[in-house]
Amino acid sequence: MLADRDDRLRIAEVFHSIQGEGGLVGMPSFFIRTTGCNLRCEWCDTPYTSWQPEGEWWTIEDLVAAVPVSARHVVITGGEPLLWPNLPQLTAALRAAGRHVTIETAGTIYQALECDLMSVSPKLANSDPGPHRPPAVRVDHAARRLDITVLARLLDRYACQLKFVVAEPDDLREIDALLARLPSLAPEAVLLMSLGSSVAEVMARGRWLTELCKERGYRYTPRLHIDLYGDTRGT
Ligand code: SF4
């Protein structure tokens, strides 16, 4: 995907909230959500960036200016922000303005850029688009969803956390096998979170998921934005 001008990105939404997941959970943060994704997860919670991408074109200058003075942390999320070739200019401008920059990515694309935390969420088999989708969509998603070479490059260059969406206890077999191929990663940098868009779903899975975390030394991450706001856009 290319911007039609070098200094613009297509943005689904910007909003000031708190980080709901991962190692910086609870941190007040300004979110910049790029639109467009190279994957098609069945349970995608932002289909307006993937299945039906939407958004306005913003200049880098306007995005930097939109960050409130009080928001030291900026999270660039998607969609897949690493699709944007001018992302390095945006992150450099945000850091020059004194912001802590997190990038949230599925980890299938590599770019060299400035950031403080690369939050990588590799997609497991449970993200399959589903039998109700055209076969070509499923084949394409399966071919793209994991790239061990890209993951290793991201881990090598950036301060990373790896965050997995877990649907069933069996998913841990896939996670363990993947992590065995990334031996430099400390268990503390691995975060597991429940699949679900309601407090009840997240809690029900969380009960057995925390036990699996205890066995392996992985971290459990809540989904605080769902606790506070439900499955609501712009939170
Ligand atoms: S990678 Fe993220 S944004 Fe893209 S389809 Fe999957 S959940 Fe949605």
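This is a predicted model: local features need pLDDT of at least 70, side-chain atom pairs count only at pLDDT 80 or more; totals for chains, interfaces and linings use all residues.
User: Is E104 buried or exposed?

Analyst: The cut-off for buried is under 20% relative accessible area. E104 comes in at 14%, so the label is buried.

User: Which side chains make polar contacts with the side chain of E104?

Analyst: Let's start from the contacts of E104 beyond four places in sequence, which include Q19, T77 and K163. The side chain of E104 has a polar contact of 2.8 Å with that of T77. Another, of 3.2 Å, goes to the side chain of Q19.

User: Where does T221 lie, and is T221 buried or exposed?

Analyst: T221 is in the loop between β9 (219-220) and α7 (224-229). Its relative accessibility is 1%, and the limit for buried is under 20%. That makes T221 buried.

User: How far is the backbone nitrogen of G22 from a polar atom of the T221 side chain?

Analyst: G22 is among the contacts of T221 outside its four-place sequence neighbourhood, along with E21, K163, L191, L192 and M193. From the G22 backbone nitrogen to a polar atom of the T221 side chain, the distance is 2.7 Å.

User: Where does the ligand sit, and how many charged residues are in the shell around it?

Analyst: The ligand is in the largest pocket. Residues around the ligand include W43, R40 and K123. By class, the shell has 5 nonpolar and 4 polar residues, and the charged ones number 2.

Conventions: Residues are numbered from 1 along each chain as its sequence is written. Side-chain values use heavy atoms; hydrogens and water are left out. A residue is near a molecule or strand if one of its heavy atoms lies within 4 Å of it. On a 1 Å grid over the protein atoms alone, a cavity is a set of points where a 1.4 Å probe fits but cannot get out, and a pocket is an open set with protein on both sides within 12 Å along at least five of seven lines; lining residues have an atom within 4 Å of a point. A molecule sits in a cavity or pocket if more than half of its atoms lie within 2 Å of its grid points. Ala, Val, Leu, Ile, Met, Phe, Trp, Tyr, Cys and Pro count as nonpolar, Asp, Glu, Lys and Arg as charged, and the others, Gly among them, as polar. Helices (H or I, at least four residues) and strands (E, at least two) are DSSP runs, numbered from the N terminus. Buried means under 20% relative accessible area, exposed over 50%, partly exposed in between (1.4 Å probe, protein chains only). A polar contact is a pair of N or O atoms within 3.5 Å; within protein, one must be able to donate a hydrogen and the other to accept it, and residues adjacent in sequence count only if both atoms are side-chain atoms. Contact means heavy atoms within 4.5 Å.
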